[in-house]
Amino acid sequence: MAEINLIPQESKKSDDFEKLRGKIVIVSIIVLVLTALAAIVTLAFFAYRVSQREDLLSKVQEASATVNSYKENEELIVVTKDKSSISSRILGARLDMVNVFTTLAQIIPKNVYFTDFKITSADIQISGRAGSSAEIAGLMSALLSTEGARIASNVSINSLVSDETGAYTFGLVAKVK
């Protein structure tokens, strides 16, 4: 019978186990090194992104401060615009008194005198004296003419009184154009 020598097989198994253990250690070291590199790269990327975030936050704060500095100017512009639109409406609604008086001076007949003259934004009230009824008729026709129609409309006589000398006292009202 042949003799069985088990020592070389055990030695061979032990050598194979040591080789396998060496390979596992090398693979473990490589995996550990790769994991460490990945962690370092991840930390570097995270630090870069954090610095970018801080830069963006500082830019946002600067832009916010700039916008806030313009806030007072914008409020002033809005208030000024509102006030100027109101003043423009007031100026637009204001009568052109020079035109009214110039036109009246041109169309009033001779011997017609005003004793009281009131102009509001809505109407004209005139009290006066005239030498005759023809002069009052001339005043009415002048106010109803095309030149008179530029400054007044709806002309009506409120009162017309004659005294013993033949002089007339009148009162008239007209709408302002």
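Me: Which residues make the nonpolar surface patch of about 640 Å²?

Reply: Patches are built from residues with over 30% relative accessible area and no salt bridge, joining like charges within 9 Å and nonpolar side chains (Val, Leu, Ile, Met, Phe, Trp, Tyr) within 5 Å. Here the patch consists of V25, I26, I29, I30, V33, L34 and L37. This is a predicted model, in which local features need pLDDT of at least 70 and side-chain atom pairs count only at pLDDT 80 or more, while totals for chains, interfaces and linings use all residues. Residues are numbered from 1 along each chain as its sequence is written, and side-chain values use heavy atoms, with hydrogens and water left out.

Me: Is L34 buried or exposed?

Reply: Buried means under 20% relative accessible area, exposed over 50%, and partly exposed in between (1.4 Å probe, protein chains only). L34 has 53%, so L34 is exposed.

Me: How many salt bridges does a search of the whole structure find?

Reply: Side chains of opposite charge can pair when their charged atoms come close. A salt bridge requires a side-chain nitrogen of Lys or Arg within 4 Å of a carboxyl oxygen of Asp or Glu. The search finds two. In one, the closest N and O atoms of E18 and R21 are 3.7 Å apart. E18 is partly exposed at 42%, as is R21 at 47%.

Me: Which residue forms a salt bridge with R129?

Reply: The partner is D163, with the closest N and O atoms 3.8 Å apart. This pair links distant parts of the chain, 34 residues apart. R129 is partly exposed at 38%, and D163 is partly exposed at 29%.

How values were computed:
Areas by Shrake-Rupley, 256 points an atom, 1.4 Å probe, with all protein chains shown as cover. Helix = DSSP H or I, 4+ residues; strand = E, 2+ residues; numbered from the N terminus.
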